[in-house]
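Hi everyone, thanks for coming.

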Amino acid sequence: VYETFTEADLERMAWESLSKIPFANGEYTYAGVTGSTERSQGGSGYKTIEVTVSFYRCIGDISVVGNEKLNLTFDATGLVEVYAVMFDYTQIGMMDVVPLEEAKNKIKTPDWSSLNETSGKVKTLETDRVQMYLINQHSKGCQILQPIYTFYGTAKTEAGGQTSFKSRVIAIPETMTYEE
């Protein structure tokens, strides 16, 4: 498929396909290629035969991720599959989120990180961007969309190496997430 379509072709085809899905109401953001299917070509390696792209629904300017999914799969002929898990959301209230400055202070001790023991001892973290997401955790019984900050950047190790990282910080104040 990569031999057939450029990234720009895939994105154009994805937006065109999305506009034809009657139940895909609202605003979406294009997340790009999120999966692929390859086929062995014997001794000459693998050939990508299908590519999956994803969209995130937006509420306000914030993307919803987690249990909600809208994936479109393309092969050399065009769209071959639509996979959608969608929810109806009703706003019943809002709470103040943790200020970004406070969340930045937790980058080294986040609620989740892509860094682990195999990353090596980290010397510095350089953040390139931060994105707020609303996480749908319906499969865990959660009835709200949980806001989180995701920090993206580069971690430099004491050994001189570097790796990309993601650091997620829950944007709900701790006073709202635990009992005394």
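**Pockets and a cavity**

Let's start with the lining of the largest pocket, where the residues split into 15 nonpolar, six polar and two charged. Do keep in mind that this is a predicted model.

How much space lies in the largest pocket? About 810 Å³. The pocket has 23 lining residues, and the closest to its centre are T90, G93, M94, I144 and L145. If you look for strands, β2, β7 (122–136) and β8 (145–157) are the elements that each give two or more residues to this lining. β7 gives the most, with three residues.

Now for the second largest pocket, which has a volume of about 470 Å³. Here 24 residues form the lining, and A31, Y56, V65, Y133 and Y152 lie nearest the centre. Several strands supply at least two residues each, including β1 (27–40), β3 (62–66) and β9 (162–170). By class, this lining has 10 nonpolar, nine polar and five charged residues.

The volume of the largest cavity is about 40 Å³. Among the residues that line it are Y28, F55, Y56, R57 and M86. Two elements give two or more residues to that lining, namely β2 (46–59) and β4 (69–75), and β2 gives the most, with three. Which classes are found there? Seven residues are nonpolar, none is polar and three are charged.

That's my tour, and I'm happy to take questions!

Methods: Residues numbered from 1 in each chain as written. Predicted model: local features only at pLDDT ≥ 70, side-chain atom pairs only at ≥ 80, totals over all residues. Heavy atoms only, no water. 1 Å grid on protein atoms, 1.4 Å probe; cavity = no way out; pocket = protein on both sides within 12 Å on 5 of 7 lines; lining within 4 Å. Points joined across faces, edges and corners; volume = space filled by probe spheres on them. Helix = DSSP H or I, 4+ residues; strand = E, 2+ residues; numbered from the N terminus. Nonpolar A, V, L, I, M, F, W, Y, C, P; charged D, E, K, R; others polar.
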